[in-house]
Amino acid sequence: MTRPYAPGYRIPTDLLLKAYASGVFPMAESAGDPEVFWVRPETRGIIPLDDFHTPRSLKKTIRKNPFDIRFDFDFEATIDGCAEKREERRSTWINAPIREAYVQLHRMGHCHSVEAWREDNLVGGLYGVSLGRVFFGESMFSKQTDASKICLVYLVERLKARGFALLDTQFTTEHLKHFGAVDVPRGKYEKMLAEALKGEAIFFP
């Protein structure tokens, strides 16, 4: 389900948090389109935390410690990295109102980043929204091999250690399926969401 929304081309943070708590999230047609629309998919992508799978080859790479993994070190650079156009992705749904809203959520403690650094350069990362015991993954990017994948592994480790109950990926992709992502029907997802919103888990610090 989608519904246009563009009054003043700003997304109030209270509306954004209420939307997430209802199973709804915003997107834009493109970075240059100032409007956003609300999405409530018929099926929702999640990664069951207890069934998260790290591919064997990635485990070997992680043991070599190729990156300095940081949390919330430079959130704005991370969302900008996710919004960059690249050869494999010519367009992005992160427009100016979305960027502004998520930066504000970050300042409020509801949006976080996992970042891969090498020689003081940000080479990959991901960000998402934290609410209750739910982490809603939003986007990821990688400028070096396996950077975003390793950030995902560190994300899941932190979510499990901090008592999170649900990792939402919005949609499933072939990439995420390698890590255990599955689709669940909207009704089942919304029951899982309601349960995971009970209580509070702290992502950072």
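Two strands pair if DSSP finds at least two bridges between them. Helices (H or I, at least four residues) and strands (E, at least two) are DSSP runs, numbered from the N terminus. This is a predicted model: local features need pLDDT of at least 70, side-chain atom pairs count only at pLDDT 80 or more, and totals for chains, interfaces and linings use all residues. Residues are numbered from 1 along each chain as its sequence is written, and side-chain values use heavy atoms, without hydrogens and water.

**Stop 1: the sheet**

Select β4 (residues 43-46) and β9 (residues 166-170). They pair in the antiparallel sense over two bridges. Isoleucine 46 has aspartate 168 in β9 as its bridge partner.

Now show the whole open sheet. Seven strands run in the order β5-β6-β7-β8-β9-β4-β10, with mixed pairing. β5 (68-71) and β10 (182-185) are the edge strands, each pairing on one side only. Neighbouring strands are turned by 35° against each other on average, direction ignored. Axes are lines fitted to C-alpha atoms, for helices over the stretch in contact, and angles run from 0 to 180 degrees between N-to-C directions.

**Stop 2: helices on the sheet**

Select α1 (residues 13-21). Helix α1 packs on the sheet and touches β7 (121-131), β8 (134-142) and β9; contact means heavy atoms within 4.5 Å. Its direction makes about 75° with that of β7. Next, α3 (residues 75-83). Helix α3 packs on the sheet too, touching β6 (111-118), β7 and β8, at about 100° to the direction of β7.

**Stop 3: α1 against α4**

Thr13, Leu16, Leu17 and Tyr20 of α1 meet Ala101, Tyr102, Gln104 and Leu105 of α4. By class, these are six nonpolar, two polar and no charged. Ala, Val, Leu, Ile, Met, Phe, Trp, Tyr, Cys and Pro count as nonpolar, Asp, Glu, Lys and Arg as charged, and the others, Gly among them, as polar.

**Stop 4: α2 against α5**

Select α2 (residues 56-63) and α5 (residues 147-161). They pack at about 90°, axes 11 Å apart. That makes α2 roughly perpendicular to α5. Leu58, Thr61 and Ile62 in α2 meet Lys149, Ile150 and Val153 in α5. The contact has four nonpolar, one polar and one charged residues.

Definitions and conventions
Parallel < 35°, antiparallel > 145°, perpendicular 65-115°, else oblique.
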